[in-house]
Amino acid sequence: MTAIRLLLVDDDPLVRAGLSFMLGGADDIEIVGEAADGGEVEALVDRTRPDVVLMDIRMPAVDGLTATERLRGREDAPQVVVLTTFHADEQVLRALRVGAAGFVLKDTPPAEIIAAVRRVAAGDPVLSPAVTRQLMRHAVGTGPDTRRTRARDRIGVLNDREREVAVAVGRGLANAEIASGLFMSVATVKTHVSRILAKLDLNNRVQIALLAYDAGLLEEEQEEH
């Protein structure tokens, strides 16, 4: 089994030491580097080729949001999990919008942080349906009024089936749940998700969910039921 290559980014040396001790004990995780600021991240990624970056969001020089955006704009970008002290912080939302695969709270139990790293390395977002709903409630009503118009324009390129899948992703449902609800196979759901990502030029399911919320699709679905 190939170990998951992990890069730690946090300006607090004690936090880095704790994470290194905790995560380094997992047989399938190899810590390939540490950085104290977002400005160091790109060079370290070039040198260490991590699969996952655990990224503090608040750092004094280059913050985690900027570093995440820079990383996700690269080819073969590593997955990014944001470290934060808040559930529904505006900076967390912005990090998810630019391509972070999820977030974990700094006081999350060690086993859950390890599980989060494993999930992201496997291509799954680190957001439970409950946390997704909480974030989306925070997201709705934030930002300029033009956000909904822009989101609706982007969603408009999807066909009806893709739109249904996008709404289901926005509700925080897993592929198996979407397949059951829309009477299709899991493989077909995965195909639709891949097409949605390609059509909308998005990185992951979290961004699909945010766009569906921005466009008001989940409110429409609630009204229909």
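1. A salt bridge is a side-chain nitrogen of Lys or Arg within 4 Å of a carboxyl oxygen of Asp or Glu. Arg97 and Asp214 make one through their side chains, at 2.7 Å from N to O. The pair links distant parts of the chain, 117 residues apart: Arg97 is in helix 4 (residues 90-97) and Asp214 in helix 11 (residues 205-214). Helices (H or I, at least four residues) and strands (E, at least two) are DSSP runs, numbered from the N terminus.

2. This is a predicted model: local features need pLDDT of at least 70, side-chain atom pairs count only at pLDDT 80 or more, and totals for chains, interfaces and linings use all residues. Residues are numbered from 1 along each chain as its sequence is written, and side-chain values use heavy atoms, with hydrogens and water left out.

3. How many salt bridges does a search of the whole structure find? The search finds 10.

4. Lys106 and Asp10 also meet in a salt bridge, at 3.1 Å from N to O. Lys106 lies in the loop between strand 5 (102-105) and helix 5 (110-121), and Asp10 in the loop between strand 1 (4-9) and helix 1 (13-24), so the pair ties together parts that are 96 residues apart in sequence. A network of salt bridges links Asp10, Asp56 and Lys106.

5. Buried or exposed? Buried means under 20% relative accessible area, exposed over 50%, partly exposed in between (1.4 Å probe, protein chains only). Asp10 is buried, at 0%. Lys106 is partly exposed, at 33%. Asp214 is buried, at 11%, and Arg97 is partly exposed, at 21%.

6. Arg161 forms a salt bridge with Glu164, with the closest N and O atoms 2.6 Å apart. Both residues lie in helix 8 (residues 160-170), three residues apart, about one turn of the helix.
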